Amino acid sequence: MQLLLDLCKIHSPSGEEVAMKAFILDYVTKNHQLWPGKLTILEGPELQDNIILVFGKPTTAIFAHMDTIGFTVRYENQLVPIGSPDPVDGTWITGEDPYGLIRCQIKIDSTNRIFYDFGRAITRGTSLAYESKPKIAGNWITAPYLDNRIGIYNALKTAETLKNGIIAFSSWEEHGGGAVPILARNIYEQFQVRQALISDVTWVTEGVHPGKGVAVSMRDRNIPRRSYIQKIFEMATASEIPFQLEVEASGSSDGRELQISPYPFDWCFIGPPIDGPHTPKEKLHVKDLESTVQLYAYLMKNL
């Protein structure tokens, strides 16, 4: 679990994924010789802060977003949300500006405006994020930004068994997306891949419960092509790996951007449920993480 704990400590709000990109590239460089698939790494200015890992002769791509929610410093101690954080008065947040490291608390006034409480003015435009002190206790992992450190962790663990496939690490997902069209173009035009799995987390609901296995989403705000989802469902059932079917009316992911792209991608959102989403204490059951990694390994081998 050390990899997951390390991922949770990296500052990477939407638009500022560069530290996470550097961590992933360093990890891949140090570990890929132990992986079974022949690897090609695609990254550089033409992909901005995104990464594409190509293994062997791919037929399916995994998408995992690297960014988190957070806050941007405005004027007069104000904070502007990045994505949709669920801030609570007194929550500790951290970051860095040209004058040094920052650790301060969130203050919320009577009109629900968000401020920071710090001993000096913080440079405008600085991004701040929940202070991260991840912990594992019993069957539970608690940390901010399990969304989407879990998706990244799952993708890197899947690489350990992946002979043929693509893993794409994307940006901006929490704040409306924007990177997936760049990735989709490269993946489809260079490798003719048009099947995708979305490695992200979902939420605990009245129909998706912690400890019952990874969630395979039939739909959220968006509706993927039914024949592809049915194929995933049948394969998941045959695998005998614990999973839950999810049906929701709201929520979105990188799958939406694939669906509205000009490329004929099929996609399915598959990820474990977390409690307390977009708070400093997101919570995940270890069994759901285990079934996520197992199901991705099975699907990437058999799709």
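Me: What should I keep in mind before reading the model?
Reply: The model is predicted, so local features need pLDDT of at least 70 and side-chain atom pairs count only at pLDDT 80 or more, while totals for chains, interfaces and linings use all residues. Residues are numbered from 1 along each chain as its sequence is written, and side-chain values use heavy atoms, with hydrogens and water left out.

Me: Which residues of α2 are buried?
Reply: Buried means under 20% relative accessible area, exposed over 50%, and partly exposed in between (1.4 Å probe, protein chains only). Helices are DSSP runs of H or I with at least four residues, strands are E runs of at least two, and both are numbered from the N terminus. In α2 (residues 18-31), the buried residues are Met-20, Lys-21, Ile-24, Leu-25, Tyr-27 and Val-28.

Me: What about backbone angles?
Reply: Most residues other than glycine have a negative phi, and most peptide bonds are trans. Asn-77, in the loop between β4 and β5, has a positive phi near 70° and is partly exposed at 34% relative accessibility. A cis peptide bond joins Asp-147 and Asn-148, with omega about 15°; Asn-148 lies in helix α3.

Notes
The expected span of a helix is 1.5 Å times one less than its number of residues.
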